[in-house]
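Visitor: I'd like to learn how to read a structure feature by feature. Could you walk me through one?

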Amino acid sequence: MSKIELEACAECDLLLNPALPEMGEKAHCPRCGNLLQRPRKQSIERTFALSIAGLILIFPANLLPLVGIKILGNTKDGNLWSGVAALFQENMWGVAILVFLASILFPLLNIILSLLISAHLYFNKPNAHLARWMRWLQHLDEWAMLEVYTLGIIVACVKLASIAELKFDFGLYAFIALLIITGMLSSSLDEYLFWKQIGELRQKVGHED
Amino acid sequence: MENYARKLAMKIEKSALTQGLIRCHECGCLTRQTSHAVHCPLCDSPLHARIANSFQRTAALLLSSLSLYIPANIFPIMTVTQFGVGEPHTIAGGIIALIHSDMIPIAMLVLIASILVPLLKMLGLGLLLLCVYYRWQINARPWTVMYRIIAFVGRWSMLDIFMISILVSLVDLGGVAQIIAGPAATAFAAVVVLTMFAAKSFDPRLIWDIQQ
Ligand SMILES: [Zn+2]
Ligand SMILES: [Zn+2]
């Protein structure tokens, strides 16, 4: 089958010639304004490095206490897991699962998938699962909600400030670092380039057969 | 659906589908529409020119989230117990409590994330569905921008849920001071998830397909 050298806009289906923007430029759909492409400098290398950093940071961010409070002489620390555990104990398992997925599991999977994909592309190693991983990553992206969780921490702290003494633990700094790393990770990942490379790796395997 | 296909064939504007091309919604590569091309050659995902049953799925998800929005606002989202006296808070009650304690910016933030975003999102999705159903001839570009905003802001409504999970885990001193999540938390979480799925299952290309 001949390769089709055209593109279509994801949001209005307009048939387009490939935009081929330069580094630092953005290509938008002329009809609906949808962002088509945004090439990133050294996207694969950066994604690789950032996902390793994220994988290291996710342990302290998950395991160490984020905030502690002191009410009437009683102290209590909380980390990412304690919220989930407390909701489970109150039989709010639906909410508990949702919080677990959005604040713990999906951010972790997001980093692992980014690492797997970028490592394979960096070392030019074909893998039959690459396309599947990339699809999962794209679907997971909006369900990993560390930045929303951060806002939740801020609002909770403001509410508690009047009745309790607050103490910020080391885990919170790890968490904020993780938040910055995941933000940089999603902005460094150039999906257009990644799919192109996955396609080329796939063709390479096809020719060797 | 067959109606769409016929309508599109008569159009002059060149959408990929009118040229017999299907864009893979996962990887973006174009494939010629044939009877045997059912999977994308690059990523193997099933090919659909438009999201399958987009209208029906979005409408079903929107209606379920709309009906859950009512219990989410009526029932208490959490109960604050201080010295044995329990005080239930609804979503709106929590915002009013924040205003009373002079935390206006935070109150605005919660108001936007928990009340305005879900409401405007459901309203916007409803308008998009009406537009497709009645084939309104509109300037499709601002409508696509509206869709894009709806798809982007939905996740921020999880703010209240995360905040409650943190409060519940920290404030746990038995009868002295305790915060317990209420039934509205489950309903509200369901509203957020369902509207996110509704936005995802709506296909903005349908707006462009109906313009003549
Ligand atoms: Zn477009
Ligand atoms: Zn594909």
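**Reading the model step by step**

Guide: Happy to. By its domain assignment, chain A falls into domain 1 (1-39) and domain 2 (42-208). Keep in mind that this is a predicted model.

Visitor: How many Å separate the centres of domain 1 and domain 2 of chain A?

Guide: Taken over C-alpha atoms, the two centres of chain A are 29 Å apart.

Visitor: What radius of gyration does chain A have, and what would a compact globule of 209 residues have?

Guide: The idea is to set the value beside a reference. For a compact globule of 209 residues the radius would be near 17 Å, whereas chain A comes to 21 Å. The C-alpha trace of chain A spans about 75 × 40 × 35 Å along its principal axes.

Visitor: Which secondary structure elements does chain A have, and in what order do they run?

Guide: There are seven helices and seven strands in chain A. Starting at the N terminus, the order is β-β-β-β-α-β-β-α-α-α-α-β-α-α.

Visitor: What share of the contacts in chain A joins residues at least 24 apart?

Guide: Counting contacts between residues at least 6 apart in sequence, 62% join residues at least 24 apart. As for burial, 50% of the 209 residues in chain A are buried. The accessible surface of chain A is about 10400 Å², and carbon and sulfur atoms account for 60% of that.

Visitor: Now to the metal. Which residues coordinate the zinc ion (ligand 2)?

Guide: A metal site is read from its donor atoms. Here they are the SG atoms of B:C24, B:C27, B:C40 and B:C43, at 2.2 to 2.4 Å from the zinc ion (ligand 2). Along the sequence, these donor residues follow the spacing C-x2-C-x12-C-x2-C.

Visitor: Why is the arrangement around the zinc ion (ligand 2) called tetrahedral?

Guide: Four donors count as tetrahedral if all angles lie between 85 and 135 degrees. The four donor atoms around the zinc ion (ligand 2) subtend angles of 103 to 117°, so the arrangement is tetrahedral.

Visitor: Are B:C24 and B:C27 buried or exposed?

Guide: The cut-off for buried is under 20% relative accessible area. B:C24 has 1%, so this cysteine is buried. B:C27 has 13% and is therefore buried too.

Visitor: And where does B:T18 lie?

Guide: In the loop between α1 (2-9) and β1 (21-23) of chain B. With a relative accessible area of 22%, B:T18 is partly exposed. B:T18 and B:D209 are 191 residues apart in sequence, yet their C-alpha atoms are 9.7 Å apart in space.

Key. Residues are numbered from 1 along each chain as its sequence is written. Chains are lettered from A and ligands numbered from 1 in the order in which they are written. This is a predicted model: local features need pLDDT of at least 70, side-chain atom pairs count only at pLDDT 80 or more; totals for chains, interfaces and linings use all residues. Side-chain values use heavy atoms; hydrogens and water are left out. Donors are N, O and S atoms within 2.8 Å of the metal (3.2 Å for Na, K and Ca); water is not among the atoms, so sites may look incomplete. Four donors count as tetrahedral if all angles lie between 85 and 135 degrees; four count as square planar and six as octahedral if opposite donors are over 155 degrees apart and all others between 65 and 115; anything else is irregular. Buried means under 20% relative accessible area, exposed over 50%, partly exposed in between (1.4 Å probe, protein chains only). Domain bounds come from an automatic or database domain assignment. Helices (H or I, at least four residues) and strands (E, at least two) are DSSP runs, numbered from the N terminus. The radius of gyration is taken over C-alpha atoms; the globule rule is 2.2 Å times the number of residues to the power 0.38. Contact means heavy atoms within 4.5 Å. Accessible areas come from the Shrake-Rupley method with a 1.4 Å probe; for residues, only the protein chains shown count as cover.
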